[in-house]
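These are my notebook entries on a structure that I looked through. I recorded what I looked up, item by item.

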Amino acid sequence: DLNYGIGKATEPGSIFKLATLMSLLEDKYVDINSKVDCEGGEKIFHGLRIRDSHLGTGTITVKDAFEISSNVAFAKLAYQYYQENPSKFINHLHNFRLDQITGVDLTASSGKPYIKKAGSRSWSKTTIPFMAHGYEELVTPLHMLMLYNAVANNGKMMRPYLVSSVRQYRVEIDKIQPQVLVEKICSDQTLTQVKECLLA
C-alpha cells in the first residue's frame with residue numbers, strides 16, 4: 001500500500017549530483033567549464049574507494065563530468081570546497097528543501113528526509129564526498145523531482161499536490177490552489193548553467 005515515490009526515503013544516488021552542482025555554482029567555486037581530474041575513474045578518500053562506471057576518464061569539464069555522472073569528479077569537488085566548511089554545503093541542501101517534508105497530500109513516516117548535520121554522531125571524514133554523489137542522505141524520489149522541477153520552472157519551487165479540487169454530488173466543495181514554497185532556489189546564473197548541463 002506504500003507509494004514509494006512519495007513515502008520511501010532512500011539514498012538517491014547520482015540524481016543528487018544536481019544539488020551538488022548547484023551548490024558549487026552558487027558559491028562560484030566552479031563554473032561548468034572548469035576542469036576536474038577524474039583520475040581514471042577511481043579515488044580513495046580516507047580509506048574508502050569511490051569509483052565511476054566509466055573507468056579511464058582523465059581531466060574533463062564540470063559539464064562533461066555531470067553528463068557522464070562521474071562520482072569521482074563530484075566527490076573531489078565537494079571535498080575540495082566543503083570539507084573544511086561542511087555547513088555551507090548543508091545550508092544549500094536546506095535551501096533546496098531536501099531536509100524538509102514535501103508537503104504532498106499523502107504522507108508516510110518512512111518518507112521523512114534525512115540530511116546529516118556536520119558534527120552529528122554519524123558524520124565522518126568521508127561524509128562530504130559520499131553525500132556529493134547521492135549517499136549518506138535519505139530523500140524520497142518526490143524530493144528530487146521537486147528540485148528538478150524547480151530548475152525547469154526558472155527557480156520557483158512548488159508544493160506538490162495530487163488533487164486540484166474536491167466535488168460532492170458534482171458540486172465543488174474544495175479547490176486546491178498551487179502553492180509556491182520557494183520563489184527562487186538559486187541565482188539566474190546558476191540556473192542557466194545547470195539547464196545547459198541538463199539539456200546536453
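Where is the place of Arg-97? I found Arg-97 in the loop between α5 and β5 (114-115). The model is a predicted one, in which local features need pLDDT of at least 70, side-chain atom pairs count only at pLDDT 80 or more, and totals for chains, interfaces and linings use all residues. Residues are numbered from 1 along each chain as its sequence is written, and side-chain values use heavy atoms, with hydrogens and water left out.

**Entry: terms for the elements.** I noted that helices (H or I, at least four residues) and strands (E, at least two) are DSSP runs, numbered from the N terminus.

**Entry: two positive phi values.** I looked up the backbone of Arg-97 and read a positive phi of about 60 degrees, although Arg-97 is not a glycine. Most residues other than glycine have a negative phi. Arg-97 is buried, at a relative accessible area of 18%. Here buried means under 20% relative accessible area, exposed means over 50%, and partly exposed is in between (1.4 Å probe, protein chains only).

I then turned to Tyr-169, which is not a glycine either and has a positive phi of about 55 degrees. Tyr-169 has its place in the loop between β8 (165-168) and β9 (171-175). At 76% relative accessibility, Tyr-169 counts as exposed.

**Entry: helix α5.** Which residues of α5 are buried? I listed Pro-86, Phe-89, Ile-90, His-92 and Leu-93. These residues lie on the same side of α5, because they cover an arc of only 155 degrees around the axis. The arc is that of the directions from the helix axis to the C-beta atoms. What covers the buried residues of α5 includes α2, α4 (71-82), β5 and α6 (127-132).

**Entry: α2 against α5.** I looked up how helix α2 (residues 17-26) packs with helix α5 (residues 86-95), and found an angle of about 115 degrees, with the axes 10 Å apart. That makes α2 roughly perpendicular to α5. Axes are lines fitted to C-alpha atoms, for helices over the stretch in contact, and angles run from 0 to 180 degrees between N-to-C directions. Angles under 35 degrees count as roughly parallel, over 145 as roughly antiparallel, 65 to 115 as roughly perpendicular and the rest as oblique.

The crossing of α2 past α5 is right-handed. A crossing is right-handed if the near helix is turned clockwise from the far one by less than a right angle, and left-handed if anticlockwise. On the α2 side, the contact is made by Ala-19, Thr-20, Ser-23 and Glu-26, and on the α5 side by Phe-89, His-92 and Leu-93. Contact means heavy atoms within 4.5 Å. By class, I noted three nonpolar, three polar and one charged residue in this contact. Ala, Val, Leu, Ile, Met, Phe, Trp, Tyr, Cys and Pro count as nonpolar, Asp, Glu, Lys and Arg as charged, and the others, Gly among them, as polar.

**Entry: α2 against α8.** I found that α2 and α8 pack at an angle of about 145 degrees, with axes 10 Å apart. Their crossing is right-handed. From α2, the contact uses Leu-18, Leu-21, Met-22, Leu-25 and Glu-26, and from α8, Thr-190, Gln-193, Val-194, Cys-197 and Leu-198. Seven of these residues are nonpolar, two are polar and one is charged.

Is Gln-193 buried or exposed? Gln-193 is buried, with a relative accessible area of 12%. Gln-193 sits in helix α8 (residues 188-199). Leaving aside neighbours within four places in sequence, Gln-193 is in contact with Leu-25, Asp-31 and Ile-32.

**Entry: α7 against α8.** Helix α7 (residues 141-152) and α8 pack at an angle of about 110 degrees, and their axes are 10 Å apart. That makes α7 roughly perpendicular to α8. Tyr-148, Val-151 and Ala-152 of α7 meet Leu-191, Val-194, Lys-195 and Leu-198 of α8. I counted this contact by class as six nonpolar, no polar and one charged.

**Entry: two lysines.** Lys-76 lies in helix α4 and is buried, with a relative accessible area of 18%. Not counting residues up to four places away in sequence, Lys-76 touches Asp-37, Glu-39, Lys-43 and Phe-45.

Lys-117 is in the loop between β5 and α6, and at 44% relative accessibility it counts as partly exposed. Not counting residues up to four places away in sequence, Lys-117 touches Ile-90, Asp-99 and Trp-123.
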